[in-house]
Amino acid sequence: MTTGEFAPMHTLLIADDHPLFREAIGNVIETGLPEARLLETDSLAATLQQLTAQKEIDLLLLDLGLPDAEGLSGLECLRQRFPELPIAIVSADQERHIVLGAIEMGAVGYIPKSTPRQELLAALLRILEGHVYLPSAVMRRPPTPRAAPDNHADHTTARLAQLTDKQFEVLERLVQGASNKVIARELDIAETTVKTHVSAILRKLEVSSRMQAIVLAGQMDPAVWQARRG
């Protein structure tokens, strides 16, 4: 199957203030999604204006370094104004807490600007098919310890302790951005079994989605993870 066979007409908006990067990602899209329509903006203000005028945009590719937006503030503004719009972050920032923060705020993907061409195209296709894309190289890094109230940390640790060994292995792979199919293959279990484990993980961690589970897991003390692995 060629990429064009599962790429119906899409309208994508690239919001980035670097013309060379817009050109580069535009070339990737035009090659892999030849039927796609591309729009470009170079600021948050221009992006808001474009989104107001264009109602049929299927995906916004948002840089976190726009001149009139700092950090995740641009994403927050766009989520408030256009809550139904799929937004994927394309950024040079690969800090784990930024990735998790973007996903927690509703981004459907996070693509580092250093992503190779073919992997970038695969990420875009995955997002356009309705999946969430997480950069596995970033998600595999050990979590950075962050200060939290003792009662919060204790409650989080207690929730993690409820997971069986197999559920913990599934959670680790969820944090790495692996799909159910990949988890099933790596753990040599059925995909339906993975789904059952994910449901149990959500219940025991007291969250309602796998994204919330990923965010919670990313905030856990690395010592807790190491203790479970040991």
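A: L62, D63, L64, L66, A69, G71 and G74 form the lining of the largest cavity. The model is a predicted one, in which local features need pLDDT of at least 70 and side-chain atom pairs count only at pLDDT 80 or more, while totals for chains, interfaces and linings use all residues. Residues are numbered from 1 along each chain as its sequence is written, and side-chain values use heavy atoms, with hydrogens and water left out.

A cavity is a set of points, on a 1 Å grid over the protein atoms alone, where a 1.4 Å probe fits but cannot get out; lining residues have an atom within 4 Å of a point. The largest cavity holds about 30 Å³, a volume being the space filled by probe spheres set on points that are joined across faces, edges and corners.

A pocket, by contrast, is an open set of points with protein on both sides within 12 Å along at least five of seven lines. The largest pocket has a volume of about 620 Å³. Of the 23 residues lining the largest pocket, R126, V132, G177, A178 and S179 lie nearest its centre. By class, this pocket lining contains 10 nonpolar, 6 polar and 7 charged residues. Helices α5 (117–128), α9 (180–187) and α11 (210–218) each contribute at least two residues to the lining; helices are DSSP runs (H or I, at least four residues), and strands (E, at least two) likewise, numbered from the N terminus.

In α9, N180, I183, A184 and L187 are buried, that is, under 20% relative accessible area with a 1.4 Å probe and protein chains only, whereas exposed means over 50% and partly exposed lies in between. Viewed down the axis of α9, these buried residues fall within an arc of 100°, so they line one face of the helix; the arc is that of the directions from the helix axis to the C-beta atoms. Exposed K181 and R185 sit on the face turned away from the buried side of α9. D188 follows α9 and has a positive phi, near 55°.

As a whole, the protein chain contains 12 helices and 5 strands. Buried residues account for 48% of its 230 residues.

Key:
Ala, Val, Leu, Ile, Met, Phe, Trp, Tyr, Cys and Pro count as nonpolar, Asp, Glu, Lys and Arg as charged, and the others, Gly among them, as polar.
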